[in-house]
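Have a look at the model first, then read on.

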Amino acid sequence: MKPTNLQDPEYFHKVIDCQYACPAHTACAEYIRLIDFERYEDAYMVNWVSNVFPGILGRVCDRPCEPACRRGRLDGEPVAICRLKRVCADNKRAIIDRLPKVPEEKNGKKIALIGAGPASLTVARDLILLGYTIDLYDDQAKAGGFIRTQVPSFRLPEQVLDEEINYILDYGVNTFFNQYIDNLQEILDKDYDAIFIGTGAPRGRDLPDLPGRAEGDQSIHLGIEWLASVLYRHVTSAGPKVLVLGGGNTAMDCCRTARRLGGTDVKVIVRSPKNEMKASPWEVEDAEHEDVEIIENHSPLEFVVEDGKLIGMRFDRVEPVYDEVGKRSLVSIGKEPVFIGCDEVILAVGQQNAFPFIERDIGIDFDKRGLPVLNKHTMQSTLPQVFFGGDAAFGPQNVITAVAHGHEAAISIHLFCQGANLLDRPHPKVNLVGQKMGIHDWLYESHVTDDQRQVVPMVEKVKSIQDRLIEVELGYDYDLGQREAKRCLNCDVQTVFEAETCIECDACVDICPVTCINFIENGDEDDLRQRLLVPANNRTTDLYVSSELPTGRVMVKDENVCLHCGLCAERCPTSSWEMIKFVYQAPMAE
């Protein structure tokens, strides 16, 4: 193998598994370390730069960082990265004075944002700091989009939403609330320099062809509409027996909300096996903790209505069958249909995009799924001045992906308004900072704690079920937050090897607690991976290969299992190993 190119910032970025996995590339290890030092305001600002909504995402993020966390490969439990985000948000003092200031003079460019969800708010935050005038349109009374209307208050309190959204709106965003845009041409006629559409996926999937659907309509609800009706108090109660169809996070929100509105017997029905549900595992766990029964492998056949009243549903029992390429089909097991009684049914079987306000003759092309045809790198539509992001771009995803789309769209809009090439995008900001203090002292906490993942305190079930506004998770306090922060392996502190000074004494090999350092003859990657002291079978992470040493051998380190503990650098008699913090900030409009 050729020597690893340490001049490529993406190499070290990939080693920071959590940051690499985050769509917005939040510097997780950095803010977690700051929490350990009780520097909550600093930790909050590290978050705010990239993910924009630390308090919100610290509660509702889908956590793509956590499955990637190196700690999970050590003891099976990743660092609670999401909940630590909340720690810095909950414990910070005032940070208004730390927010960047809006330029006193505008740059003369005006941008329209349609939809006030996280993608549009991110675009607003990024561009208003560059002097743009921002007009924000939404048909709701307050900004937030579906994180306001679909995420229940027991998961995301309104005051948290308002605080972080207002950090952006208070910059001077011109808001046009309670204003439904019914045709895009009217916005185009206002001569905006660019338009961003972040209207989400506002239409819930229905089961219109299922027998009994029309007759039972009064007791059958679309999940996202029902959640919004609960928020605005149009719905204040639920029947004792409620069926929720669907296996995603919206279904989990619906069943838990139904429990709080009077549902004493709430069941979630999924067509797939339970372990294949799309909902986040912790959302399923929380629902079951609140006595929601999840029934797997049941496919709906009909709504049963008697004398004009919904009394239940019939289901076919199915099982998954996989073909030779792993594609799943759900096949009936041939038994009698199952009847499950209920008073109400909530359909949470998916969401769809809808753009009734976009005329089909104004230059924006749509694909066969009804999604806009976009450049995936620039978020630009076939009408050059119109950009998309969030669920409106590529279909339903999650909040942190919407934020990432917002950053990318802001870069594109800024380049577009400058008349520049949209593919000539800014590079990430990177830096390497040595961590040496003394022979055995580092600027970071290098000790690897044996603590297990800390359990988050919860409000008692009896109390929380009685009030849909009580936040269920209490979050970590100071002590639990610090204990969890210490579990972080500081993957952004890189082990850097200097082959020129190495005397091949193998002291680093002897002291490495996970046997990830090897001095061996070179070879191709497949060969090298199998000849290491511990074979490197996880091909999703790289091997660190040095240049040739005097003996003709090379140093090979398996990045998959390195603990970044610094013992190799402490033991090395020639200081050929060094611990260097790698700072990576994803590209943003500038």
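**Helix pairs at a glance**

Just after helix α3, E38 takes a positive phi of about 65°. This is a predicted model, where local features need pLDDT of at least 70, side-chain atom pairs count only at pLDDT 80 or more, and totals for chains, interfaces and linings use all residues. Residues are numbered from 1 along each chain as its sequence is written, and side-chain values use heavy atoms, with hydrogens and water left out. Helices are DSSP runs (H or I, at least four residues), numbered from the N terminus.

- Helix α3 (residues 28–36) is largely enclosed by the rest of the structure, because 8 of its 9 residues are buried (under 20% relative accessible area, 1.4 Å probe, protein chains only).
- The buried set includes C28, Y31 and D36.

**α3 with α4**

- The axes of α3 and α4 (residues 40–51) come within 8 Å and cross at roughly 170°; axes are lines fitted to C-alpha atoms over the stretch in contact, with angles from 0 to 180 degrees between N-to-C directions.
- That makes α3 and α4 roughly antiparallel (over 145 degrees).
- E30, Y31, L34 and I35 in α3 meet Y40, D42, A43, V46 and N47 in α4 (heavy atoms within 4.5 Å).

**α14 with α15**

- Here the axes of α14 (residues 249–260) and α15 (residues 281–289) come within 10 Å, crossing at roughly 20°.
- So α14 and α15 run roughly parallel (under 35 degrees).
- On the α14 side, N249, M252, C255 and R256 meet E283, V284, D286 and A287 of α15.

Technical notes: Buried < 20%, exposed > 50% of the residue type's maximum accessible area, 1.4 Å probe, protein only. Helix = DSSP H or I, 4+ residues; strand = E, 2+ residues; numbered from the N terminus. Parallel < 35°, antiparallel > 145°, perpendicular 65-115°, else oblique.
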